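Hi everyone, thanks for coming. Let's take a look at this one together.

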Amino acid sequence: MRKFKGGRGRSVDLVAEARADAERRHAHPQADAGPRADAGPPARRGAAPTAARPAPTGALIGVLLVLGLVAFPIVSVVIGPASRERIEGYACAVTGCTGPGMATAGWLLITVPFLSVVTAVAFWSRLPGRARTAVAVVAAPLVLGAYLFIPGRRRDLDDLLDGPARYATATGITWAWAGLALALLGLLVVAVLADIRKTTPAESKKTMPTGRGKAALPPVWAPLVAAGACLAMLGVALGRADPVPVTAELAFPERTFTVAGDTLTRTSADDQRGCAGVLDDDERLAGCVRTVRGSWTTDDSDAVVRLAAVLFPTEDAARERRGPLRSGTAQAGLDGDTADVVSTSKNWVLFVSVGHADGRAIDRADRGHLMWAASQVVYRFIGHQVGLLVAPTPKDGIGPRTP
């Protein structure tokens, strides 16, 4: 009985202990008793932490860069000539084709895309995803516009530019590239100096006991350094550009010239911004940027030739204004009887009027040699614009008075 009682007592004690243990577990649940779906699978001891997934925006920008590198050369060949003409025409219309204005336009073509890229890179880590996409979309056409004016092995800068102010534009583009080189050098020097300053022995102990410190410059420093270097080169470009690329002296450099035995002497020359006074109605030449005028006399007759050359921003604008003007449209303010011809040459609309010095009526027999003198003046002007002097050929009754 004792053994039985003792055994029973022991069994009763074990049951009580099991109940007490169950109550303790219920009152104090284990820390890892939560749902395993939230916590994920347990990490193996000593395993490296899982790397974060790359942001989709970075991958998108990388794809866009690759596509841009492939598309830029193709697009430049397809739209290059027309786009360059439109850009130059717009700049000419805004600046009046002045030397400083066109030099500034050429400088902006290269500098603005460069500064936009530098600014985007400097603030890239602080931009949200949508802002990064917007910056890439805005910067792409700017970079493409600059690419259209980059010379290569098979094309010089002179081949890419056209128009009477092309030399001023080329000056601005050339010094813009010098500004980019100076800006990159400045960015490198500032970054190196800042890095050296932050990694002195005294500061290295405070910041990073082992290893080099990192330059803590504000993001705005890079755009400011780049803009300062580029602005310095703009000053050089403005100092080297001719004030007015299109003047009467440049358009009519010769005081006298001889063609087919006829010697013409320039008696007057002037130039002006705009084209007020060329025609009785200035609206017929709306959109013009500059006008050069000159008068010539001949040695074999009493012919007087008056030329008014009106400059437009683009060839299309010049042809559009020439369209409704009939060939006999006379210049304003001329006295006496004149024979008048209107024509175009690239960006120019040319008005040439010829008559007798005393203003008498033009006979049929005199018209041929009068128009011959006018043709010589027009051909000479066009030759100086394109760099190829070609003499007119007598035809259709138009020729020298004394063959």
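Leucine 193 sits in helix H7, where helices (H or I, at least four residues) and strands (E, at least two) are DSSP runs numbered from the N terminus. This is a predicted model, in which local features need pLDDT of at least 70, side-chain atom pairs count only at pLDDT 80 or more, and totals for chains, interfaces and linings use all residues. Residues are numbered from 1 along each chain as its sequence is written, and side-chain values use heavy atoms, with hydrogens and water left out.

Is leucine 193 buried or exposed? Leucine 193 has a relative accessible area of 54%, so it counts as exposed; buried means under 20%, exposed over 50%, and partly exposed in between (1.4 Å probe, protein chains only).

Leu193 also belongs to a nonpolar surface patch, together with Leu182, Leu185, Leu188, Val189, Val192 and Ile196. Together they have about 620 Å² of accessible area, from the Shrake-Rupley method with a 1.4 Å probe. Patch members have over 30% relative accessible area and no salt bridge, and nonpolar side chains are joined within 5 Å. A salt bridge here is a side-chain nitrogen of Lys or Arg within 4 Å of a carboxyl oxygen of Asp or Glu.

For contrast, please find alanine 309 in strand S4, residues 303–311. Alanine 309 has 0% relative accessibility, so it is buried.

On a 1 Å grid over the protein atoms alone, a cavity is a set of points where a 1.4 Å probe fits but cannot get out, while a pocket is an open set with protein on both sides within 12 Å along at least five of seven lines; lining residues have an atom within 4 Å of a point.

The second largest pocket has a volume of about 340 Å³, meaning the space filled by probe spheres set on the points. Its lining has 19 residues, with Pro164, Tyr167, Pro245, Val246 and Leu250 nearest the centre. Which helix gives the largest share of that lining? H7 does, with 4 residues.

As for cavities, there are 2 of 30 Å³ or more. The largest cavity has a volume of about 60 Å³, and the residues lining it include Phe252, Trp296 and His384. H12 gives the most to this lining, with 4 residues.

Terms used: Patches are made of residues with over 30% relative accessible area and no salt bridge: like charges are joined within 9 Å, nonpolar side chains (Val, Leu, Ile, Met, Phe, Trp, Tyr) within 5 Å.
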